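Keep the sequence and the structure at hand while reading.

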Amino acid sequence: MTEMVCRCEDITKEDILKAIDQGYTTLDEIKHVLRCGMGPCQGRTCIPLITRVVARETGKSAAEVSRPTTRPPLQPLSLSLFAGDEE
Amino acid sequence: MRITEHPLLSFQRKRVIHFTFNGGPLEAYEGETIAAALHAAGIKVLSRSITYSRPRGFFCAIGKCASCMMNVNGVPNVKTCVTLVEEGMVVESQHKGVLKPFTGPKKSHISHMKTQVAVIGAGPAGLNAAVTAHAYGASVLVIDENPHAGGQLVKQTHKFFGSSRERAGTRGTEIAKILYREAESFVMLQAAVVGHYNDRGHRLVLVKDGTLAELEAEKVIVATGASENMLLFENNDLPGVYGAGAVQTLMNVYGIVPGNSVLMVGAGNVGLIVSYQLLQAGVKVVGVVEALPRIGGYHVHAAKVRRCGVPIYTSTSILKALGEEYVTGAVTVSLDKDWNHIPGTERKFDVDTICLAVGLSPSIEFFCQAGCRIAHIPELGGNTPVHSPAMETTVKGMYAAGDAAGIGEANTAMMEGKIAALSCVKALGLSTLETEKESKESYEELRLLRSGSFGERARQGKERVFAIMEELHE
């Protein structure tokens, strides 16, 4: 049974529940152990879903579950933009 | 899959284009995105996922969800839902995250640009903001990653409600054209903002045509819109599970139907309007399911759908999508008053499309990265940038407008765009005798737009946001 939370990194609801069981209960911690939110969509799909699961499992309200840190780039970029040879 | 007859829309298809998909020849029409052209040819599975090799197709169709990425002309990870198909293009699926060796374009010099007002997003809020600031003589640059300007207006074929001046009675598709005509000379399409740095004012990093550019702006108006919400259910990642906005884009922008028969999830206004639009396009809608015990949308929309013989099932949720490679069916289940599934109430529908109309979340990535204070306001769709009535966020010189500032609708988005632009005009010292009057009228117009009972939630949400902003200033 697959309930997909993060399509970019193939992270399921089961993966999230396991991580919560292991004591990872903030979105940043879950991101660090599972990579969800670090794929090409940068969490646009999964953050609201993970927030809901964490809130339910930890008895918090969605407002109490803080967002993970957002860093640039906000869109997938080609490495050659930074690392290629100068023309 | 292409619509040939439609009661409202006519699709003037342009030149035929030839391209290949996984080696096979295909045809498309000029102006279509790669994902739309593939869908028209019946191809729903675009690539495969990174770990489990599950089929992947697009979900949002507006460049947000990144599920549509493919290899195009040898370049991996191209978002095919916002990339136009071109003659001779070589389009290939990506498999399990395996990237072919790739020699990209050589690193080019980073170009520098300057503007007084940078607007991110060319939807109703962004375009109206840009037109307003430009009218006062500010230099303006609007950046949007889509190939078409107008944001989600380009697919709204229904006539607008609303009070008066912000074009009530006009179809959204027409409003988009009018706004773009006024703003065209300062809109940059197919360009993405990938970062914000606030050393020396506001510096934005853009990517356009595979090169980086730096944009120095005195003021930034962020009108990045919203992402469609996903739901958790079995096989929710199968191609054929689409956001309601994606279905509208396919149908109303490209004239392509999403499938032959659809189950709609969500009976709010979006779910009801899109159901009706599907029927107009000749697609069968087997039913609308709604988890709440009542229909959330306007009665007039619900009545229209019901008159066409589409049942609306309240207190019902989607349990799973059926299918291996793409959706071949859906199973729903009834809910009790505590949202628990009631065993034995499962109902199976033979559909090839499941359309999710379960709300939107503000696209706040840019605000977050720039360090704006965010608050969770359920009335506005969840995490929202804290802002003042003048639309300024907690980062000085950065403004929010439209859905990105809390979910509303297109009329209020246009008004917020205008207010944000007038705030910039004042801060830049470009005010004229008219500015204060126009500003007052805009606040009043926005108040009127939110005065009805359906504007109540947004009104309450905004009041909470303004209160947080005030507290922070004290």
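Domain bounds are taken from an automatic or database domain assignment. For chain B, this assignment gives domain 1 (16-92), domain 2 (111-227 + 364-473) and domain 3 (230-358).

The model is predicted, so local features need pLDDT of at least 70 and side-chain atom pairs count only at pLDDT 80 or more, while totals for chains, interfaces and linings use all residues. Residues are numbered from 1 along each chain as its sequence is written, chains are lettered from A and ligands numbered from 1 in the order in which they are written, and side-chain values use heavy atoms, with hydrogens and water left out.

**Domains 2 and 3 of chain B**

The C-alpha centres of domain 2 of chain B and domain 3 of chain B are 31 Å apart. Seven residues from domain 2 of chain B and 12 residues from domain 3 of chain B take part in the contact, where contact means heavy atoms within 4.5 Å. The two domains bury about 880 Å² between them, with 63% of it on carbon and sulfur atoms. Buried area is the accessible area (1.4 Å probe) that two parts lose on being put together, summed over both.

How many salt bridges are there between domain 2 of chain B and domain 3 of chain B? The count is zero. A salt bridge is a side-chain nitrogen of Lys or Arg within 4 Å of a carboxyl oxygen of Asp or Glu. The rule does find four residue pairs in polar contact across this interface, both residues being at pLDDT 80 or more. A polar contact is a pair of N or O atoms within 3.5 Å; within protein, one must be able to donate a hydrogen and the other to accept it, and residues adjacent in sequence count only if both atoms are side-chain atoms.

**Chain A**

Chain A has four helices and two strands, in the order β-β-α-α-α-α along the sequence. Helices (H or I, at least four residues) and strands (E, at least two) are DSSP runs, numbered from the N terminus. The C-alpha trace of chain A spans about 55 × 30 × 20 Å along its principal axes. Of the 87 residues in chain A, 46% are buried. Buried means under 20% relative accessible area, exposed over 50%, and partly exposed in between (1.4 Å probe, protein chains only).

**Where chain A meets chain B**

In this interface, 39 residues of chain A are in contact with 47 residues of chain B. The area buried between the chains is about 3800 Å², of which carbon and sulfur atoms give 59%. The rule finds 11 residue pairs in polar contact across the interface, both residues at pLDDT 80 or more. On the side of chain A that touches chain B, the elements that give two or more residues are β1 (4-6), α1 (13-21), α3 (46-58) and α4 (80-83) of chain A. The residues of this side divide into 19 nonpolar, seven polar and 13 charged. Here Ala, Val, Leu, Ile, Met, Phe, Trp, Tyr, Cys and Pro count as nonpolar, Asp, Glu, Lys and Arg as charged, and the others, Gly among them, as polar.

A polar contact of 2.6 Å joins the side chains of D10(A) and S49(B). S49(B) sits in the loop between β3 (47-48) and β4 (55-56) of chain B and is buried, at 3% relative accessible area. D10(A) also forms a salt bridge with R56(B), and two salt bridges are found across the interface of chain A and chain B.

**Salt bridges**

Side chains of opposite charge can pair when their charged atoms come close. Over all chains, the structure holds 22 salt bridges. The table lists some of them.

| Pair | Closest N and O atoms |
|---|---|
| R56(B) and D10(A) | 2.8 Å |
| D350(B) and K348(B) | 3.0 Å |
| R464(B) and E379(B) | 3.1 Å |
| E438(B) and K418(B) | 3.6 Å |

D350(B) is exposed, with a relative accessible area of 58%, and K348(B) is exposed at 55%. R464(B) is partly exposed at 37%, whereas E379(B) is buried at 18%.
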